[in-house]
Amino acid sequence: MNKIYLLLLSFIAFNFGIAQTIADVRAMSVGSTVTVTGTIVLGENDFSSPTVYMQDATAGIAIYDYAFIDSLDFHRGDSITVTGELYEYNDLLEVKNLVSYTKEGTANIPEPILITTADMIETYDLIEQPRKF
C-alpha cells in the first residue's frame, strides 16, 4: 500500500510542478521536466550572460533561458521557482526552456562554505586528464 502512495505522490509532483530540491533535480535524467525553488546567488549582470545561478540547502544549479533572464528583474537574493527542462551543456547542468517562473520573495544569500583544494579534489573528483591544445 505504501508503494502505491509513493507512486501517486511522485506522479503528482512530476505532473503538477511541485518543487524538488536542487540535489534531487541534479540526480534526474537530462531532458526531464523539473520544478525547483532556490535563491539566486549569481545574477545575469554578474557575468553579462543570460544565466543565473541558484541554490537551496542541498545544492546549486544554473538557469539558462534568454527570454526569462532578459525580460524579468531578478537579482541576487531573490527566491524563485522555475519549471523547465534539465539540460547539460559542457558538463554544466542547467534548467532551460522555462515554462513557468515565479518570484517567491527575497531570501538571505547562503554563506559560502570554505573548503581546501584537497577537499575539493577528494569530494568532487575534479582531476582531469591533461588537455591537448
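I115 sits in the loop that links β5 (92-106) to α5 (117-124). Helices (H or I, at least four residues) and strands (E, at least two) are DSSP runs, numbered from the N terminus. This is a predicted model: local features need pLDDT of at least 70, side-chain atom pairs count only at pLDDT 80 or more, and totals for chains, interfaces and linings use all residues. Residues are numbered from 1 along each chain as its sequence is written, and side-chain values use heavy atoms, without hydrogens and water.

I115 is partly exposed because its relative accessibility is 43% (buried is under 20%, exposed over 50%, partly exposed in between; 1.4 Å probe, protein chains only). Together with I113 and M120, I115 forms a nonpolar surface patch of about 300 Å² accessible area.

## G60 in strand β3

G60 belongs to strand β3 (residues 60-64). G60 is also partly exposed, because its relative accessibility is 30%.

Leaving out residues up to four places away in sequence, G60 touches I22, R26, M54 and Q55 (contact: heavy atoms within 4.5 Å). A23 and G60 are 37 residues apart in sequence, with their C-alpha atoms 7.6 Å apart in space.

## Confidence

Mean pLDDT (the predictor's confidence in each residue, from 0 to 100) is 76 for the chain, and 71% of residues reach 70 or more. Residues 2-16 stay under 50, and the model gives them 4 contacts beyond four places in sequence. Residues 125-133 are also below 50, with 4 contacts beyond near neighbours in sequence. Where pLDDT is low, the predicted coordinates should not be read in detail.

Terms used: Patches are made of residues with over 30% relative accessible area and no salt bridge: like charges are joined within 9 Å, nonpolar side chains (Val, Leu, Ile, Met, Phe, Trp, Tyr) within 5 Å. Accessible areas come from the Shrake-Rupley method with a 1.4 Å probe; for residues, only the protein chains shown count as cover. A salt bridge is a side-chain nitrogen of Lys or Arg within 4 Å of a carboxyl oxygen of Asp or Glu.
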